[in-house]
Amino acid sequence: MAFPTTDFRVPPAPLPPSGQDSARWDATRLRERMMDGTWASDLATSMESQLGRIRAVATGSTDMSSCLLRTIATQLAVLYDRPPTVTHADGVEDLIGSDGLITNAGLWTLMGGIQSHTIALGEMLCAVSITPDGMPLYRPVSPGYIVAESSTSEPDEPIAIRELRLRTNPTTRKLEWFWDVWRPRDLHFSIRAIGRDGETDATSMFITDPDGVPVSGPLEGEAYPYQDERGGVLPYGFWHSARTGRLWNVMQNQTVVSGTLTAAVGYNYWWHCLRDASYPQRYAVNVTLPGLGIEDSTGARRAELVTDPSTILMMEQSDLEGGGQPMIGQWKPGADAKSIIETLSLYELRICQAAGINPSDIQRVSGQAQSGYAISIGNAGKRAAQSKYQATQKRGDIRLIETTARMLNATTGSRWPVSGYAMRYAAVPKSATELDGERRHVIELMDAGL
């Protein structure tokens, strides 16, 4: 039996409906690429902008090992290093316990990445669905593919969402972009195809009724997938890195994003200096180098001859008119790689301060101030971050649990409570050094009779 072949080439994503969303999407997707390690083209563009085309080409391939935004976000996202404890007055351990539906669905495994993306992107979402066997299914969703509406009474929480999603067109077997439209207050869900002449309803292409017959149009009214006595359910979790009274706050980390690009350009230039200019620079007067080639890359032409400390350069006396006695000499190294890396290290500390991290909470893994790649946030800084982000994360977590309970009740006939949940996050454990310091402090107090 032959199976249809799917074309997995991803088409360009369509533009959002408004210019305001377009600017937000661009900013969000840049941060998302940084978090996911797919920002090589952004770094290359920044290098050419700051160094010029010829110097950027001479620097060589881009090195993405320095990504300060990702370092800061991942080290501050400590709330889910150990699974949180969820409680309810009615127990309901089968839903929220350590072996309950939510834990077994892998939510707390995903939440570490969701929190780090929330810190980096400003906001983060998670789509929820219920599988045919009654298991919650969680899918992280970037705000860079979301258009949302909020209410005047709660302007920082969405009440309707349009998500741009890649789906396989069952007719063409190609990946295409579609809108998933959720308007729970209107009891409306639809899948919209995006064409040159506008949008058309494509719900019947992907949704069938219990008998396997394609639906005739949008799922509305009684056909809305998730609803209970309180009305329709919006099947998304939503988190803010900080509450601002607005739905979106993506530009709050712009300083860190800009600094991340600048620091990465600096590290690439530092590696170029270490590789190509950290040894004494030689010069020659009234001689020529045979075999000198012209390198042409992306339109940047420069004379080039590959050398090595173990090679001998064969030179010829210049035959130009008026040429004098040949002379060969040597200057000091063209760049001080140690000074450059120390300066970049100080610049990174400055960006960490811009991100709201106390300088006393930043430590070096190697213990040396010259270690540019070893920035680490100490336990005191992580506890401060835990206290800072706990309130906003807890708000989103509890709402997601309530949403999951409502969706399970709507699809499986269960009767899980839809409110009254409480959460407690595990504290960052104290290190051996911290425990030793506390022990010494207590002994000193006892010796002083205090």
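Here are some questions and answers about a predicted model.

User: How do the axes of helix α9 and helix α10 run, roughly parallel or roughly antiparallel?
Analyst: The two axes come within 10 Å and cross at roughly 170°. Angles over 145 degrees count as roughly antiparallel. So α9, relative to α10, is roughly antiparallel.

User: Which residues of α10 does α9 meet, and how many in that contact are nonpolar?
Analyst: On the α9 side you've got T255, V256, G259, T262, A263, G266, Y267, W270, C273 and L274. Their partners in α10 are A337, I340, I341, L344, S345, Y347, E348, I351 and A354.

User: What is the phi of V92, and is the residue buried or exposed?
Analyst: V92 sits in the loop between β1 (85-88) and α5 (93-96). Its phi is positive, near 45°, in a residue other than glycine. Most residues other than glycine have a negative phi. Buried means under 20% relative accessible area, and V92 has 14%, so V92 is buried.

User: Where is L187, and what is its phi near?
Analyst: Look in the loop between β6 (175-183) and β7 (188-195) for L187. This residue isn't glycine, yet its phi is positive, near 50°.

User: R29 is buried, so why does it have no salt bridge, and which side chain of opposite charge is nearest?
Analyst: R29 belongs to helix α1 (residues 19-36). A salt bridge needs a side-chain nitrogen of Lys or Arg within 4 Å of a carboxyl oxygen of Asp or Glu. For R29, the nearest side chain of opposite charge is 5.6 Å away, and that one is D26.

User: Is Y224 buried or exposed?
Analyst: Y224 lies in the loop between β9 (219-220) and β10 (227-228). Not counting residues up to four places away in sequence, Y224 touches W182, P184, L187, H188, F189, L219, G232, V233 and P235. The relative accessible area of Y224 is 2%. The cut-off for buried is under 20%, so Y224 is buried.

User: How many Å apart in space are Y224 and S190?
Analyst: In sequence, Y224 and S190 are 34 residues apart. C-alpha to C-alpha, the gap in space between Y224 and S190 is 9.5 Å.

Methods
Residues are numbered from 1 along each chain as its sequence is written. This is a predicted model: local features need pLDDT of at least 70, side-chain atom pairs count only at pLDDT 80 or more; totals for chains, interfaces and linings use all residues. Side-chain values use heavy atoms; hydrogens and water are left out. Axes are lines fitted to C-alpha atoms, for helices over the stretch in contact, and angles run from 0 to 180 degrees between N-to-C directions. Helices (H or I, at least four residues) and strands (E, at least two) are DSSP runs, numbered from the N terminus. Angles under 35 degrees count as roughly parallel, over 145 as roughly antiparallel, 65 to 115 as roughly perpendicular and the rest as oblique. Contact means heavy atoms within 4.5 Å. Buried means under 20% relative accessible area, exposed over 50%, partly exposed in between (1.4 Å probe, protein chains only). Lys and Arg count as positive and Asp and Glu as negative; His and the chain ends are not counted.
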